Amino acid sequence: MSVIVDLEAIIVSVPAEGNAFAEGAEETVLVKVTDAEGRYGIGECVATPSVTKAMIDMPTVHFWSQGIKEHVIGREPVEARAIYDAIYHSSFYHGRRGILIHALSAVDIALYDLAGKQLGLPVYKLLGGARCNSIRPYATIYPGDIYDGPLNTIVSELEKQARIAVDQGLRSVKVPILFGEHLSDRKLVGFIEDCRRMVGDDIKLSLDFGYRWRDWQDAAWLLKRIDDCRIAFAEAPLWHDDLHGHRKLAEVSPVKVGGAEFAVSRWEVRDWLETGGVSLVQPGISRAGGFTELMRIAEMCEMYGASLIPHSYATGITDICNIHLQAACLTIPMVEFRSSRLGPSRLRTELVSPAEPDIKDGLIALPDAPGLGITLNEALVSQYGIR
């Protein structure tokens, strides 16, 4: 196989143009690894772009603070897992529960993409082959920054977005619950009941509480009162670092409690499973360690009787990664999917093609193209890339 001759980290920054999750510009860190024959693989990281790029570009300082590029250039991309471990074990000084793993995520994804292109195989086959025949996506329906307005207006906007999602073929949605203290928990129960009526009985409904509570008993009070709403899971009910509170909540909640959205590496996710006691973890492939580490997390979930539903709110690169990941794993029941029909995003629609997969009756067919199976928009990167 052809060895890697270059690794490049590029900040792609485009005007936000109505993107509800960005101010001024929406950005991602694009990583390209190129082999001696000119083929390249791509990956991305959605953590702080300038810091992530600096981590990838950093040279070796000493034997416990080694540069990423020095472990990648000259290696074959099919050695992605070994490369990941070599970088991880030579990076004590970097700090391993943050930006190092974020950067490694993008590099690892790019290595698998290039390896697949070299071998003519889709990434999920490099991960061991398909464990399922199709992929189940869910979409977050976000009405924008209107949660301080009238409830009927919010419900009306959510209903519009739910119809768009269903028309696209989705059969599972997640509603962000981002109200402040102005909406009491008692009123919030009624809002959630309205959401269930809004989407109907045939749509799987999940909720993202956006770290609403500091007291697990307050969260438990509400979750016990929405059991009839048939909620698939409750994401981020408590502050992220409150693992003991998560355990107490998970022990009494009739709704599956999710966590670890911003956790990095299998080591931190293990803390969520053992100390936090959750049965659902949600780390993202473009933040928590790429294919190498997410596969390890998925296998660990099997041992703990837990599920993995990877977080995704980036570009089409992360979404297609989740598709390959679910195909290869037994413990991923569905994956988050960012639909461009539910909110404008140039990076989502223009960075790669195809920008989005076809969804039929709630399912996505397994990809069959080599690597990730997507093509980079070089013109967009040339215009908006910061090297």
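A residue is called buried when its relative accessible area is under 20%, exposed when it is over 50%, and partly exposed in between. Keep this in mind as you move through the structure, which is a predicted model.

Begin by selecting Glu159 and Arg163, which both belong to helix H6 (residues 151–167) and sit four residues apart, about one turn of the helix. Their side chains meet in a salt bridge, with 4.0 Å from N to O. Glu159 has a relative accessible area of 33%, so it counts as partly exposed, and Arg163, at 48%, is also partly exposed.

Next, select Glu293 and Arg266, whose side chains form a salt bridge of 3.0 Å, N to O. Because Glu293 lies in helix H11 (residues 290–304) and Arg266 in helix H10 (residues 265–274), the pair ties together parts that are 27 residues apart in sequence. Glu293 is buried, at 0% relative accessible area, whereas Arg266 is partly exposed at 22%.

Now turn to Glu378 and Lys32, where a salt bridge of 3.3 Å, N to O, joins the two side chains. Glu378 is in helix H14 (residues 378–384) and Lys32 in strand E2 (residues 25–35), so this pair connects parts that are 346 residues apart in sequence. In the structure as a whole there are 22 salt bridges.

Finally, select Met1, Val78, Leu119 and Leu121, which make a nonpolar surface patch of about 320 Å². Leu121 is in the loop between helix H4 (99–119) and helix H5 (123–126), and its relative accessible area of 31% makes it partly exposed.

Key: Residues numbered from 1 in each chain as written. Predicted model: local features only at pLDDT ≥ 70, side-chain atom pairs only at ≥ 80, totals over all residues. Heavy atoms only, no water. Patch = residues over 30% accessible without salt bridge, like charges linked within 9 Å, V, L, I, M, F, W, Y side chains within 5 Å. Areas by Shrake-Rupley, 256 points an atom, 1.4 Å probe, with all protein chains shown as cover. Helix = DSSP H or I, 4+ residues; strand = E, 2+ residues; numbered from the N terminus. Buried < 20%, exposed > 50% of the residue type's maximum accessible area, 1.4 Å probe, protein only.
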